[in-house]
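Open the model in your viewer and show the whole chain as a cartoon. The stops below say what to select and what is there.

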Amino acid sequence: MEKVNPPAGGTNIEIISRQRFVKNAPDKVRLAAGLIKNKKLDQAMDILKFSNLSAAKPLLLNLKQALSQAKDRDIPTENLRVEIIKVDEGPKLKRRRILHQGRSTAILKRMAHITVVLTADGNSKHEIRNPKQSGSKKN
């Protein structure tokens, strides 16, 4: 479940961690994932530890798994940053709820697949630039 991409001519190292069949709805996981995108690993873990969101726990476990992968490969952990975090929809458990007069309605218990990519390099091609510094004006 782990994958480490070797640096191709540079010092950019990627650590990919996947977690599948998480018993939280993907919409709820995406809310928590938006909080930690493009943050340093230590800061992202602190945000999730003190978050009230139900999806914070599986995301925190996924980040800890990626951190242990980095330690196993002797990658310095102080420069790790959450580069990409992707939440996909998993399978749905279909249940029924009985209503009045013999009717029923569907209940979908959704699952999510979480993919986290950490980079050990501070320079990234996905960084957002400030338009004021680039010199372009939109007036």
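**Whole chain**

Keep in mind that this is a predicted model. Colour by secondary structure: the protein has 4 helices and 4 strands. Followed from the N terminus, these elements come in the order β-β-α-α-α-β-β-α. Of the 139 residues of the protein, 34% count as buried. Among contacts with a separation of 6 or more, 66% are between residues 24 or more positions apart.

**Helix α2**

Select residues 41-49, which form helix α2. Show the side chains of L41, A44, M45 and L48; these residues are buried. Where do they sit around the axis of α2? They cover an arc of only 100°, which puts them on the same side of α2. An α-helix has 3.6 residues a turn, so residues three or four places apart point the same way.

**α2 against α3**

Hide everything except α2 and α3. Their axes are 9 Å apart, and the packing angle is about 155°. An angle over 145° counts as roughly antiparallel, so α2 is roughly antiparallel to α3. The crossing of α2 past α3 is left-handed. To see the contact, select L41, A44, M45, L48 and K49 on α2, then A56, L59, L60, L63, K64 and L67 on α3.

**α1 against α3**

How are α1 and α3 oriented to each other? They pack at an angle of about 50°, with their axes 9 Å apart, and are therefore oblique to each other. The crossing of α1 and α3 is right-handed. On the α1 side, select V29, A32, A33 and I36; they meet A56, L59 and L63 of α3. A56, L59 and L63 also belong to the contact between α2 and α3.

**E83 in β3**

Last, bring back strand β3 and select E83, which is found there. Is E83 buried or exposed? The relative accessible area of E83 is 4%, so E83 is buried; the cut-off for buried is under 20%. The side chains of E83 and R81 make a polar contact, at 2.7 Å.

Notes. Residues numbered from 1 in each chain as written. Predicted model: local features only at pLDDT ≥ 70, side-chain atom pairs only at ≥ 80, totals over all residues. Heavy atoms only, no water. Buried < 20%, exposed > 50% of the residue type's maximum accessible area, 1.4 Å probe, protein only. Helix = DSSP H or I, 4+ residues; strand = E, 2+ residues; numbered from the N terminus. Arc of directions from axis to C-beta. Polar contact = N/O pair within 3.5 Å; in protein donor to acceptor, adjacent residues only side chain to side chain. Axes fitted to C-alpha atoms, helices over the stretch in contact; angles between N-to-C directions. Parallel < 35°, antiparallel > 145°, perpendicular 65-115°, else oblique. Left-handed = near helix turned anticlockwise from the far one by under 90°. Contact = heavy atoms within 4.5 Å.
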